[in-house]
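Take a look at the model below. We will walk through one chain, one residue and one interface.

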Amino acid sequence: MSDIGHLSGDELVDLVEGLVSDADSPHVTSCDRCRGRLADLRAARAMVSEVEVPEPSPLFWKHFSARVREAVAQEPTPADGWWHRLWSWPGAIAPVSAIAVLVLLFAVTFRAPSRTRPDAPAHVVPAAATTAAAPASVSLELLSDALIADDQSLALVADLTESLGWDAAADAGFVSDGSAEHAVTHMSAADLQQLERLLTEEMSRKGA
Amino acid sequence: MASSLAWPWPSTWTPPSAAAVSAEPLVTDAARSDLSELDEPGLVAACLAGRPGAFDLVVERHRRPVYHLCYRYVGNHEDASDLAQDVFLRAYRGLKNFRGGSSLSTWLYRIAVNVCLNRVAAKMPQTEPIDARQVVDAGAESASETILKEERGRRVRAAIAQLPPKQRSTLILRMYHDMSHQQIADALGSSVGAVKANFFHALGNLKKLLEHE
(Lines give C-alpha, C1' and ligand atoms only; values in the text may rest on other atoms or scores of the structure.)
Protein backbone atom coordinates (compact mmCIF):
# COMPACT_ATOMS: atom_id res chain seq x y z
CA MET A 1 0.00 0.00 0.00
CA SER A 2 1.12 3.56 -0.65
CA ASP A 3 -0.26 7.06 -1.16
CA ILE A 4 -1.97 7.08 2.20
CA GLY A 5 -3.26 3.55 2.04
CA HIS A 6 -3.89 3.24 -1.70
CA LEU A 7 -2.52 0.43 -3.84
CA SER A 8 1.03 0.81 -5.11
CA GLY A 9 2.07 0.49 -8.75
CA ASP A 10 3.43 -3.00 -8.09
CA GLU A 11 0.16 -4.11 -6.51
CA LEU A 12 -1.86 -2.66 -9.36
CA VAL A 13 0.34 -4.42 -11.93
CA ASP A 14 -0.16 -7.72 -10.13
CA LEU A 15 -3.93 -7.18 -10.27
CA VAL A 16 -3.87 -6.11 -13.93
CA GLU A 17 -1.88 -9.19 -14.90
CA GLY A 18 -3.98 -11.51 -12.81
CA LEU A 19 -1.11 -12.49 -10.53
CA VAL A 20 -3.38 -11.43 -7.68
CA SER A 21 -7.14 -11.74 -7.91
CA ASP A 22 -9.47 -8.89 -7.00
CA ALA A 23 -10.91 -11.06 -4.26
CA ASP A 24 -7.51 -11.17 -2.60
CA SER A 25 -7.36 -7.38 -2.56
CA PRO A 26 -10.34 -6.15 -0.54
CA HIS A 27 -9.09 -2.59 -0.85
CA VAL A 28 -10.13 -2.54 -4.52
CA THR A 29 -13.76 -3.06 -3.69
CA SER A 30 -13.77 -0.39 -1.03
CA CYS A 31 -11.70 2.33 -2.76
CA ASP A 32 -13.15 4.17 -5.76
CA ARG A 33 -9.80 5.71 -6.68
CA CYS A 34 -7.91 2.43 -6.83
CA ARG A 35 -10.78 0.73 -8.61
CA GLY A 36 -10.75 3.51 -11.22
CA ARG A 37 -7.00 3.30 -11.72
CA LEU A 38 -7.21 -0.44 -12.07
CA ALA A 39 -9.96 -0.11 -14.68
CA ASP A 40 -7.87 2.39 -16.66
CA LEU A 41 -4.83 0.11 -16.63
CA ARG A 42 -6.91 -2.87 -17.69
CA ALA A 43 -8.45 -0.87 -20.54
CA ALA A 44 -5.02 0.22 -21.77
CA ARG A 45 -3.75 -3.32 -21.56
CA ALA A 46 -6.72 -4.61 -23.53
CA MET A 47 -6.11 -2.06 -26.30
CA VAL A 48 -2.44 -2.95 -26.50
CA SER A 49 -3.16 -6.66 -26.62
CA GLU A 50 -5.38 -6.24 -29.67
CA VAL A 51 -2.61 -4.96 -31.87
CA GLU A 52 -1.12 -7.68 -34.04
CA VAL A 53 1.90 -7.76 -36.28
CA PRO A 54 0.94 -8.39 -39.91
CA GLU A 55 2.33 -11.78 -40.78
CA PRO A 56 4.75 -11.69 -43.72
CA SER A 57 4.30 -14.16 -46.52
CA PRO A 58 5.87 -17.59 -45.99
CA LEU A 59 8.29 -16.83 -48.83
CA PHE A 60 9.69 -13.95 -46.82
CA TRP A 61 11.23 -16.28 -44.26
CA LYS A 62 13.17 -18.14 -46.93
CA HIS A 63 14.46 -14.86 -48.32
CA PHE A 64 15.26 -13.66 -44.82
CA SER A 65 17.32 -16.73 -43.96
CA ALA A 66 19.17 -16.39 -47.26
CA ARG A 67 19.98 -12.74 -46.52
CA VAL A 68 21.30 -13.60 -43.08
CA ARG A 69 23.30 -16.50 -44.54
CA GLU A 70 24.86 -14.20 -47.12
CA ALA A 71 25.75 -11.61 -44.49
CA VAL A 72 27.16 -14.19 -42.09
CA ALA A 73 29.25 -15.72 -44.89
CA GLN A 74 31.22 -12.48 -45.01
CA GLU A 75 32.10 -12.82 -41.32
CA PRO A 76 34.87 -14.88 -39.75
CA THR A 77 33.87 -17.83 -37.57
CA PRO A 78 32.66 -16.41 -34.23
CA ALA A 79 35.47 -18.06 -32.25
CA ASP A 80 38.11 -16.71 -34.64
CA GLY A 81 39.20 -13.53 -32.95
CA TRP A 82 42.47 -11.92 -34.09
CA TRP A 83 44.23 -13.49 -31.14
CA HIS A 84 42.94 -16.94 -32.03
CA ARG A 85 43.95 -16.51 -35.67
CA LEU A 86 47.36 -15.19 -34.68
CA TRP A 87 48.20 -18.33 -32.74
CA SER A 88 46.49 -20.88 -34.92
CA TRP A 89 48.62 -23.11 -37.10
CA PRO A 90 49.91 -22.37 -39.74
CA GLY A 91 49.19 -18.70 -39.25
CA ALA A 92 51.36 -18.61 -36.15
CA ILE A 93 54.58 -19.59 -37.84
CA ALA A 94 55.28 -16.16 -39.27
CA PRO A 95 54.73 -14.07 -36.12
CA VAL A 96 56.33 -16.68 -33.85
CA SER A 97 59.37 -16.93 -36.09
CA ALA A 98 59.66 -13.17 -36.30
CA ILE A 99 59.44 -12.86 -32.52
CA ALA A 100 62.02 -15.59 -32.04
CA VAL A 101 64.45 -13.92 -34.45
CA LEU A 102 63.97 -10.57 -32.76
CA VAL A 103 64.55 -12.09 -29.33
CA LEU A 104 67.73 -13.80 -30.51
CA LEU A 105 69.02 -10.68 -32.23
CA PHE A 106 68.24 -8.62 -29.16
CA ALA A 107 70.04 -11.08 -26.90
CA VAL A 108 73.06 -11.35 -29.18
CA THR A 109 73.25 -7.58 -29.74
CA PHE A 110 73.35 -6.71 -26.07
CA ARG A 111 75.51 -9.59 -24.93
CA ALA A 112 78.18 -9.68 -27.56
CA PRO A 113 80.14 -6.41 -26.98
CA SER A 114 81.00 -7.03 -23.33
CA ARG A 115 81.82 -10.66 -23.96
CA THR A 116 84.03 -10.29 -27.01
CA ARG A 117 86.49 -7.66 -25.85
CA PRO A 118 89.84 -9.39 -26.02
CA ASP A 119 91.18 -7.50 -22.98
CA ALA A 120 88.22 -8.32 -20.79
CA PRO A 121 88.71 -10.93 -18.08
CA ALA A 122 87.00 -14.23 -18.50
CA HIS A 123 83.59 -14.33 -16.92
CA VAL A 124 82.70 -16.94 -14.40
CA VAL A 125 79.12 -17.88 -15.05
CA PRO A 126 77.21 -18.76 -11.89
CA ALA A 127 75.57 -22.13 -11.84
CA ALA A 128 72.11 -20.59 -11.65
CA ALA A 129 72.78 -18.48 -14.72
CA THR A 130 74.04 -21.50 -16.55
CA THR A 131 70.87 -23.37 -15.75
CA ALA A 132 68.74 -20.46 -16.87
CA ALA A 133 70.64 -20.24 -20.13
CA ALA A 134 70.07 -23.88 -20.92
CA PRO A 135 66.93 -23.41 -23.02
CA ALA A 136 68.72 -20.89 -25.21
CA SER A 137 71.46 -23.42 -25.83
CA VAL A 138 69.13 -25.44 -28.00
CA SER A 139 68.91 -22.53 -30.37
CA LEU A 140 72.62 -21.85 -30.11
CA GLU A 141 73.20 -24.99 -32.10
CA LEU A 142 72.48 -22.74 -35.01
CA LEU A 143 75.55 -20.64 -34.41
CA SER A 144 78.81 -21.50 -36.04
CA ASP A 145 81.71 -22.82 -34.00
CA ALA A 146 83.72 -19.72 -34.81
CA LEU A 147 81.12 -17.44 -33.30
CA ILE A 148 80.85 -19.54 -30.19
CA ALA A 149 84.58 -19.57 -29.78
CA ASP A 150 84.61 -15.76 -29.77
CA ASP A 151 82.39 -15.62 -26.74
CA GLN A 152 83.55 -17.42 -23.63
CA SER A 153 80.14 -17.54 -22.02
CA LEU A 154 78.61 -18.90 -25.16
CA ALA A 155 81.36 -21.46 -25.34
CA LEU A 156 80.69 -22.47 -21.76
CA VAL A 157 76.99 -22.84 -22.44
CA ALA A 158 77.76 -24.79 -25.59
CA ASP A 159 80.03 -27.15 -23.65
CA LEU A 160 77.48 -27.69 -20.94
CA THR A 161 74.68 -28.38 -23.34
CA GLU A 162 76.59 -30.19 -26.04
CA SER A 163 74.94 -33.45 -25.24
CA LEU A 164 71.55 -31.93 -24.45
CA GLY A 165 69.13 -32.79 -27.20
CA TRP A 166 65.72 -31.31 -27.85
CA ASP A 167 63.89 -34.14 -26.11
CA ALA A 168 66.06 -33.85 -23.03
CA ALA A 169 65.46 -30.12 -22.89
CA ALA A 170 61.74 -30.67 -23.23
CA ASP A 171 61.77 -33.32 -20.51
CA ALA A 172 63.58 -30.89 -18.26
CA GLY A 173 60.71 -28.43 -18.69
CA PHE A 174 62.76 -25.82 -20.48
CA VAL A 175 60.43 -25.70 -23.42
CA SER A 176 56.80 -26.40 -24.13
CA ASP A 177 54.80 -27.14 -27.21
CA GLY A 178 54.05 -24.10 -29.23
CA SER A 179 56.84 -22.04 -27.71
CA ALA A 180 59.12 -19.80 -29.69
CA GLU A 181 61.93 -22.30 -29.35
CA HIS A 182 59.73 -24.96 -30.82
CA ALA A 183 58.97 -22.76 -33.79
CA VAL A 184 62.60 -21.87 -34.37
CA THR A 185 63.88 -25.41 -34.10
CA HIS A 186 61.18 -26.65 -36.44
CA MET A 187 61.94 -24.19 -39.18
CA SER A 188 62.51 -25.38 -42.70
CA ALA A 189 66.05 -25.70 -44.02
CA ALA A 190 65.65 -22.48 -45.96
CA ASP A 191 64.41 -20.61 -42.88
CA LEU A 192 67.31 -21.96 -40.82
CA GLN A 193 69.81 -20.84 -43.40
CA GLN A 194 68.23 -17.41 -43.45
CA LEU A 195 68.29 -17.20 -39.65
CA GLU A 196 71.92 -18.28 -39.53
CA ARG A 197 72.83 -15.74 -42.16
CA LEU A 198 71.15 -12.96 -40.19
CA LEU A 199 72.83 -13.98 -36.96
CA THR A 200 76.20 -14.30 -38.66
CA GLU A 201 75.87 -10.86 -40.17
CA GLU A 202 74.87 -9.40 -36.84
CA MET A 203 77.73 -11.07 -34.97
CA SER A 204 80.23 -10.04 -37.60
CA ARG A 205 79.04 -6.45 -37.41
CA LYS A 206 79.29 -6.38 -33.62
CA GLY A 207 82.58 -8.17 -33.61
CA ALA A 208 84.17 -5.84 -36.17
CA MET B 1 23.30 10.46 -25.77
CA ALA B 2 20.79 8.45 -27.70
CA SER B 3 21.94 9.77 -31.04
CA SER B 4 25.53 8.92 -30.22
CA LEU B 5 24.50 5.30 -29.99
CA ALA B 6 23.17 5.28 -33.51
CA TRP B 7 25.03 3.30 -36.14
CA PRO B 8 25.14 3.86 -39.86
CA TRP B 9 21.82 2.64 -41.12
CA PRO B 10 22.10 -0.07 -43.75
CA SER B 11 21.14 0.89 -47.22
CA THR B 12 17.73 0.05 -48.54
CA TRP B 13 17.10 -3.65 -48.51
CA THR B 14 18.13 -5.46 -51.62
CA PRO B 15 16.79 -8.92 -52.19
CA PRO B 16 19.30 -11.73 -52.06
CA SER B 17 20.41 -13.12 -55.33
CA ALA B 18 18.26 -15.82 -56.85
CA ALA B 19 21.14 -18.23 -56.53
CA ALA B 20 21.45 -17.48 -52.85
CA VAL B 21 17.77 -18.05 -52.22
CA SER B 22 17.53 -21.20 -54.23
CA ALA B 23 20.80 -22.60 -52.99
CA GLU B 24 20.29 -24.42 -49.75
CA PRO B 25 23.18 -24.31 -47.30
CA LEU B 26 25.72 -27.01 -47.92
CA VAL B 27 24.41 -29.22 -45.16
CA THR B 28 23.40 -32.78 -45.64
CA ASP B 29 20.11 -34.00 -44.27
CA ALA B 30 21.96 -36.20 -41.81
CA ALA B 31 24.05 -33.30 -40.55
CA ARG B 32 20.99 -31.12 -40.27
CA SER B 33 19.21 -33.83 -38.37
CA ASP B 34 22.16 -34.07 -35.99
CA LEU B 35 22.08 -30.33 -35.45
CA SER B 36 18.35 -30.23 -34.84
CA GLU B 37 18.77 -32.71 -32.01
CA LEU B 38 21.20 -30.45 -30.20
CA ASP B 39 20.04 -28.51 -27.19
CA GLU B 40 20.69 -24.79 -26.98
CA PRO B 41 24.23 -24.92 -25.52
CA GLY B 42 25.11 -27.65 -28.01
CA LEU B 43 23.86 -25.57 -30.91
CA VAL B 44 25.81 -22.55 -29.73
CA ALA B 45 28.93 -24.71 -29.43
CA ALA B 46 28.34 -26.01 -32.95
CA CYS B 47 28.14 -22.44 -34.23
CA LEU B 48 31.38 -21.54 -32.49
CA ALA B 49 33.02 -24.61 -33.94
CA GLY B 50 31.98 -23.43 -37.38
CA ARG B 51 29.73 -26.37 -38.15
CA PRO B 52 27.87 -25.68 -41.39
CA GLY B 53 24.19 -25.05 -40.90
CA ALA B 54 24.37 -24.49 -37.15
CA PHE B 55 23.72 -20.77 -37.26
CA ASP B 56 21.09 -21.30 -39.96
CA LEU B 57 19.21 -23.34 -37.40
CA VAL B 58 19.51 -20.57 -34.81
CA VAL B 59 18.06 -18.14 -37.35
CA GLU B 60 15.29 -20.52 -38.29
CA ARG B 61 14.27 -21.04 -34.68
CA HIS B 62 14.27 -17.40 -33.65
CA ARG B 63 13.66 -15.33 -36.79
CA ARG B 64 9.93 -14.93 -36.32
CA PRO B 65 9.87 -13.55 -32.76
CA VAL B 66 12.89 -11.36 -33.50
CA TYR B 67 11.20 -9.95 -36.59
CA HIS B 68 7.99 -9.36 -34.63
CA LEU B 69 9.88 -7.56 -31.89
CA CYS B 70 11.55 -5.32 -34.46
CA TYR B 71 8.21 -4.65 -36.12
CA ARG B 72 6.78 -3.53 -32.78
CA TYR B 73 9.43 -0.84 -32.63
CA VAL B 74 9.43 0.46 -36.18
CA GLY B 75 5.94 -0.39 -37.42
CA ASN B 76 6.82 -1.33 -40.98
CA HIS B 77 7.98 -4.45 -42.75
CA GLU B 78 11.04 -3.10 -44.58
CA ASP B 79 12.72 -1.63 -41.53
CA ALA B 80 11.72 -4.58 -39.37
CA SER B 81 13.32 -7.09 -41.75
CA ASP B 82 16.50 -4.99 -41.99
CA LEU B 83 16.66 -4.70 -38.21
CA ALA B 84 16.05 -8.41 -37.70
CA GLN B 85 18.87 -9.20 -40.10
CA ASP B 86 21.13 -6.85 -38.20
CA VAL B 87 20.17 -8.54 -34.93
CA PHE B 88 21.27 -11.94 -36.24
CA LEU B 89 24.46 -10.57 -37.69
CA ARG B 90 25.36 -8.98 -34.36
CA ALA B 91 24.39 -12.17 -32.58
CA TYR B 92 26.73 -14.13 -34.83
CA ARG B 93 29.57 -11.72 -34.13
CA GLY B 94 28.94 -11.82 -30.41
CA LEU B 95 28.17 -15.50 -30.05
CA LYS B 96 31.53 -16.20 -28.42
CA ASN B 97 30.44 -13.88 -25.59
CA PHE B 98 27.20 -15.74 -24.95
CA ARG B 99 27.70 -17.44 -21.60
CA GLY B 100 24.35 -19.18 -21.32
CA GLY B 101 23.35 -17.20 -18.25
CA SER B 102 20.00 -16.63 -19.90
CA SER B 103 18.23 -18.42 -22.71
CA LEU B 104 19.35 -17.77 -26.26
CA SER B 105 16.02 -16.11 -27.01
CA THR B 106 16.39 -13.70 -24.09
CA TRP B 107 19.90 -12.89 -25.27
CA LEU B 108 18.63 -12.29 -28.80
CA TYR B 109 15.85 -10.09 -27.45
CA ARG B 110 18.42 -8.05 -25.60
CA ILE B 111 20.36 -7.50 -28.80
CA ALA B 112 17.15 -6.72 -30.65
CA VAL B 113 16.03 -4.16 -28.08
CA ASN B 114 19.38 -2.37 -28.31
CA VAL B 115 19.38 -2.46 -32.09
CA CYS B 116 15.81 -1.18 -32.25
CA LEU B 117 16.31 1.58 -29.70
CA ASN B 118 19.36 2.78 -31.59
CA ARG B 119 17.39 2.67 -34.78
CA VAL B 120 14.45 4.53 -33.32
CA ALA B 121 16.77 7.15 -31.87
CA ALA B 122 18.33 7.67 -35.30
CA LYS B 123 15.16 7.71 -37.32
CA MET B 124 11.50 8.04 -36.40
CA PRO B 125 9.60 4.95 -37.46
CA GLN B 126 7.45 5.19 -40.53
CA THR B 127 4.36 3.11 -40.03
CA GLU B 128 2.88 1.61 -43.12
CA PRO B 129 -0.36 2.94 -44.51
CA ILE B 130 -3.22 0.56 -44.00
CA ASP B 131 -3.56 -0.43 -47.65
CA ALA B 132 0.13 -1.34 -47.90
CA ARG B 133 0.18 -3.78 -45.03
CA GLN B 134 0.54 -7.43 -45.64
CA VAL B 135 -2.54 -8.64 -43.87
CA VAL B 136 -2.56 -12.33 -44.54
CA ASP B 137 -5.06 -13.57 -42.05
CA ALA B 138 -8.07 -11.31 -42.02
CA GLY B 139 -10.23 -14.22 -41.00
CA ALA B 140 -13.95 -13.84 -41.29
CA GLU B 141 -13.99 -10.18 -40.30
CA SER B 142 -15.88 -7.79 -42.49
CA ALA B 143 -13.97 -5.12 -44.39
CA SER B 144 -15.19 -2.34 -42.09
CA GLU B 145 -14.23 -4.30 -38.98
CA THR B 146 -10.79 -4.90 -40.42
CA ILE B 147 -10.34 -1.22 -41.21
CA LEU B 148 -11.46 -0.18 -37.73
CA LYS B 149 -9.16 -2.70 -36.15
CA GLU B 150 -6.28 -1.48 -38.25
CA GLU B 151 -7.03 2.09 -37.31
CA ARG B 152 -7.05 1.23 -33.62
CA GLY B 153 -3.82 -0.64 -34.11
CA ARG B 154 -2.24 2.37 -35.82
CA ARG B 155 -3.26 4.64 -32.94
CA VAL B 156 -1.93 2.25 -30.32
CA ARG B 157 1.36 1.75 -32.20
CA ALA B 158 1.75 5.52 -32.48
CA ALA B 159 1.10 5.88 -28.76
CA ILE B 160 3.58 3.13 -27.90
CA ALA B 161 6.18 4.85 -30.07
CA GLN B 162 5.89 7.93 -27.84
CA LEU B 163 6.70 6.04 -24.64
CA PRO B 164 10.15 6.42 -23.09
CA PRO B 165 12.49 3.62 -24.26
CA LYS B 166 12.42 1.51 -21.08
CA GLN B 167 8.64 1.69 -20.78
CA ARG B 168 8.20 0.83 -24.45
CA SER B 169 10.61 -2.09 -24.28
CA THR B 170 9.01 -3.44 -21.12
CA LEU B 171 5.53 -3.16 -22.57
CA ILE B 172 6.48 -4.85 -25.84
CA LEU B 173 8.34 -7.71 -24.23
CA ARG B 174 5.61 -8.29 -21.64
CA MET B 175 2.58 -7.94 -23.84
CA TYR B 176 3.71 -9.41 -27.12
CA HIS B 177 6.46 -11.84 -26.23
CA ASP B 178 5.03 -13.26 -23.05
CA MET B 179 8.25 -12.77 -21.15
CA SER B 180 8.23 -12.92 -17.36
CA HIS B 181 9.26 -9.92 -15.31
CA GLN B 182 12.54 -11.67 -14.53
CA GLN B 183 13.26 -12.42 -18.19
CA ILE B 184 12.56 -8.80 -19.10
CA ALA B 185 14.83 -7.66 -16.31
CA ASP B 186 17.57 -9.93 -17.72
CA ALA B 187 17.03 -8.66 -21.24
CA LEU B 188 17.03 -5.01 -20.25
CA GLY B 189 19.68 -5.25 -17.57
CA SER B 190 17.38 -4.01 -14.83
CA SER B 191 15.50 -5.37 -11.82
CA VAL B 192 12.09 -6.98 -11.48
CA GLY B 193 10.92 -3.98 -9.46
CA ALA B 194 11.99 -1.60 -12.21
CA VAL B 195 10.26 -3.75 -14.81
CA LYS B 196 6.99 -3.67 -12.90
CA ALA B 197 7.27 0.06 -12.36
CA ASN B 198 7.97 0.64 -16.05
CA PHE B 199 5.03 -1.54 -17.01
CA PHE B 200 2.74 0.35 -14.66
CA HIS B 201 3.84 3.73 -16.02
CA ALA B 202 3.68 2.50 -19.61
CA LEU B 203 0.03 1.49 -19.26
CA GLY B 204 -0.81 4.73 -17.46
CA ASN B 205 0.89 6.86 -20.10
CA LEU B 206 -0.75 4.92 -22.92
CA LYS B 207 -4.14 5.53 -21.41
CA LYS B 208 -3.46 9.28 -21.33
CA LEU B 209 -2.00 9.37 -24.84
CA LEU B 210 -4.94 7.50 -26.34
CA GLU B 211 -7.45 9.69 -24.53
CA HIS B 212 -5.86 12.86 -25.91
CA GLU B 213 -6.17 11.76 -29.53
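Predicted model: local features only at pLDDT ≥ 70, side-chain atom pairs only at ≥ 80, totals over all residues.

Residues are numbered from 1 along each chain as its sequence is written, chains are lettered from A and ligands numbered from 1 in the order in which they are written, and side-chain values use heavy atoms, without hydrogens and water.

Chain A has 12 helices and zero strands. Helices are DSSP runs (H or I) of at least four residues, strands (E) of at least two, numbered from the N terminus. Of the 208 residues in chain A, 32% are buried, meaning under 20% relative accessible area with a 1.4 Å probe, protein chains only.

Now move to chain B. Leu69(B) sits in helix H4, residues 54-74. Leu69(B) counts as buried because its relative accessibility is 0%. Its contacts (heavy atoms within 4.5 Å) include Tyr109(B) and His177(B). Leu69(B) and His177(B) lie 108 residues apart along the chain, yet their C-alpha atoms are separated by 7.9 Å.

Finally, see where the chains meet. Chain B gives 55 residues to the contact and chain A gives 43. Nine salt bridges cross the interface. Each is a side-chain nitrogen of Lys or Arg within 4 Å of a carboxyl oxygen of Asp or Glu. One of them joins Asp82(B) and Arg67(A), at 2.8 Å from N to O. On the side of chain B that touches chain A, H10(B) supplies the largest share, 10 residues.

Key. Buried < 20%, exposed > 50% of the residue type's maximum accessible area, 1.4 Å probe, protein only. Lists of a residue's contacts leave out its neighbours within four places in sequence.
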